[in-house]
Amino acid sequence: SGMYLGSGTQSCGTFIPKHSAPPAKRAPIFYGSLEEKERERLAKGEAGLLGKEGMKAAMEAGNINISTGEHVQTPFVIPPFQMSLWASPQSTQGWAAPCLDLPIPEGSRAGGSGTAERGIQGLRNILSVVGTDALKKTRKDDDRSKKSKEEYQQTWYHEGPRSLKTARLWLANYSLPRAAKRLEEARLLKEIPEATRTSQRQELHKSLRSLNNFCSQIGDDRPLSYCHFSPNSKLLATACWSGLCKLWSVPDCNLVHTLRGHSTNVGAIVFHPKATVSLEKKDVSLASCAADGSVKLWNLESDEPVADIEGHSMRVARVMWHPSGRFLGTTWYGHLGIQRGLDAFGRVWDLRTGRCIMFLEGHLKEIYGINFSPNGYHVATGSGDNTCKVWDLRQRKCIYTIPAHQNLVTGVRFEPNHGNFLLTGAYDNTAKIWTHPGWSPLKTLAGHEGKVMGLDISLDGQLIATCSYDRTFKLWTAE
């Protein structure tokens, strides 16, 4: 019912059904600009739909615009969320539509397929859908969001009481002479010959390597959480999870006082900087804190607290005297717990201005211990990531990371007089001594059967104390 047309050697051909006409030839379809073709036809003088007269009529009607490379200024800015409407899956070359200054290549047609013309048409389509008001609103929202971020990053101040101004002026007058004295001591130390300094350092390292357990004493029937030497190096205060605090004479480790007042875990107990030196026994000489939010002050005469400091409603982790002895600082597990370093970040504050002067970023887990070196510019931090980091306040960065222990580091202490070595304690049941500078290991103080919870170094440099989860504290000294 049809015909087969083909040549003799061809195995394929065209099958035309019977009584059907050949398909009509369609006009060619051109993609892209016809500018070059039209220019050729115009140069040959050919007539047609786009002849000279037709071209002139179209230009007069505004259907064809031929530019010489000028720019079209548009008053609109396309927000980022609408950029996808401008995308072309075939090509992205020449797409500058989101810009305010839109280049149009010479010879492009407004009704053709040039990239600039498509951009303008796309812009018109968007404006016809969302309207100019929506674009203005989006722009205002972006400006408002940017402004809020800038305000969040700025330092802001609020008016404080007159007592705060008085305290900060006092701190400035106290700290500046001490800083000058510290610089003078550093200059004098620098004048000592290098050979003498090296010899002194070697002697110190030799004595530290010979440290041994001098005394071990059971402190209570529950774990000991903290220990601290008195300024005259003749007393040791210990804090216990039973709620008791005790004072021990050293180095014979005889019990002197049992301080009763807390009813739950005691986090820390510390001596006043001038206690046993210039203060009388009836004066406030110690401060302690506990898990119920209580903070108590003690003297050396009574076994009961002389005062309670109220204001905390949650666990108080640490308490510490300012070196002047005039101020007492506390940290607790409320909103201020983040400032303490439980977010793995630490902060150094200038009490004279109330501003954070350095952000300690680098630990992978919580920071449990921090201590200043006597030189004034080195800070050590101990963390739950088992490391101890040493920071330089002058360079504002971490200068060394010590892979100190096999478990979280609970405490760090610089040698209190010159910072000649660093002591760390951890939950791996050991304490370790590290050289300064160099931060190489000198001695491992092993002997506790439980986690090392606290540690301290006497001001005379003769004794090291460690207290543990095994309910004991130990004294370490050189042979």
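Strand E14 (residues 316-321) pairs with strand E15 (residues 328-332) in the antiparallel sense, over five bridges. Strands here are DSSP runs of at least two residues (E), helices are runs of at least four (H or I), and both are numbered from the N terminus. Two strands count as paired if DSSP finds at least two bridges between them. Val319 has Thr330 of E15 as its bridge partner. The hairpin of E14 and E15 has six residues between the strands, and Gly325 takes a positive phi near 85 degrees there.

## Basis of the model

This is a predicted model, in which local features need pLDDT of at least 70, side-chain atom pairs count only at pLDDT 80 or more, and totals for chains, interfaces and linings use all residues. Residues are numbered from 1 along each chain as its sequence is written, and side-chain values use heavy atoms, with hydrogens and water left out.

## The chain as a whole

The protein chain holds six helices and 28 strands. Of its 479 residues, 37% are buried; buried means under 20% relative accessible area, exposed means over 50%, and partly exposed lies in between (1.4 Å probe, protein chains only). The accessible surface of the chain comes to about 28,900 Å², and carbon and sulfur atoms hold 53% of that surface. Accessible areas come from the Shrake-Rupley method with a 1.4 Å probe, and for residues only the protein chains shown count as cover.

Among contacts in the chain with a separation of 6 or more, 47% are between residues 24 or more positions apart. A contact means heavy atoms within 4.5 Å.

Strands of a sheet pair through backbone hydrogen bonds, either parallel or antiparallel. E7 is joined to strand E8 (residues 245-249) by five bridges in an antiparallel arrangement, and Leu236 stands opposite Trp248 in E8.

Ser233 sits in the loop between strand E6 (224-229) and strand E7 (235-240). With 8% relative accessibility, Ser233 counts as buried. The Ser233 side chain reaches the backbone nitrogen of Leu459 at 3.3 Å. This is a polar contact: a pair of N or O atoms within 3.5 Å where, within protein, one must be able to donate a hydrogen and the other to accept it, and residues adjacent in sequence count only if both atoms are side-chain atoms. Neighbours within four places in sequence aside, Ser233 is in contact with Val250, Ser458, Leu459 and Asp460.

## Sheet E18-E19-E20-E21 and Asp392

A further open sheet has four strands in the order E18-E19-E20-E21, and its pairing is antiparallel. Strand E18 (367-372) and strand E21 (397-402) are the edge strands, each pairing on one side only. Neighbouring strands of this sheet are turned by 20 degrees against each other on average, direction ignored. Strand E20 (residues 388-392) and E21 run antiparallel and are joined by five bridges.

Asp392 has Lys397 in E21 as its bridge partner. Asp392 also forms a salt bridge with Arg394, the closest N and O atoms being 2.9 Å apart. Asp392 is buried, with a relative accessible area of 1%, whereas Arg394 counts as exposed at 56%.

## Salt bridges

Seven salt bridges turn up in a search of the whole structure. A salt bridge is a side-chain nitrogen of Lys or Arg within 4 Å of a carboxyl oxygen of Asp or Glu. One of them joins Asp308 to Lys296, with 3.1 Å between the closest N and O atoms. Asp308 is in strand E13 (residues 307-309) and Lys296 in strand E12 (residues 295-298), so this pair links distant parts of the chain, 12 residues apart. Asp308 is partly exposed at 47% relative accessibility, while Lys296 is buried at 10%.

Asp456 and Arg413 also meet in a salt bridge through their side chains (3.6 Å, N to O). Asp456 belongs to strand E26 (residues 452-457) and Arg413 to strand E22 (residues 409-414), so the pair ties together parts 43 residues apart in sequence. Both residues count as buried: Asp456 has 6% relative accessibility and Arg413 has 13%.

## Strand E10

Strand E10 (residues 266-271) is mostly covered, with six of its six residues buried. E10 pairs with strand E11 (residues 286-290) in the antiparallel sense over five bridges. In this pairing, Ala268 has Cys289 of E11 as its bridge partner.

Terms used:
Axes are lines fitted to C-alpha atoms, for helices over the stretch in contact, and angles run from 0 to 180 degrees between N-to-C directions.
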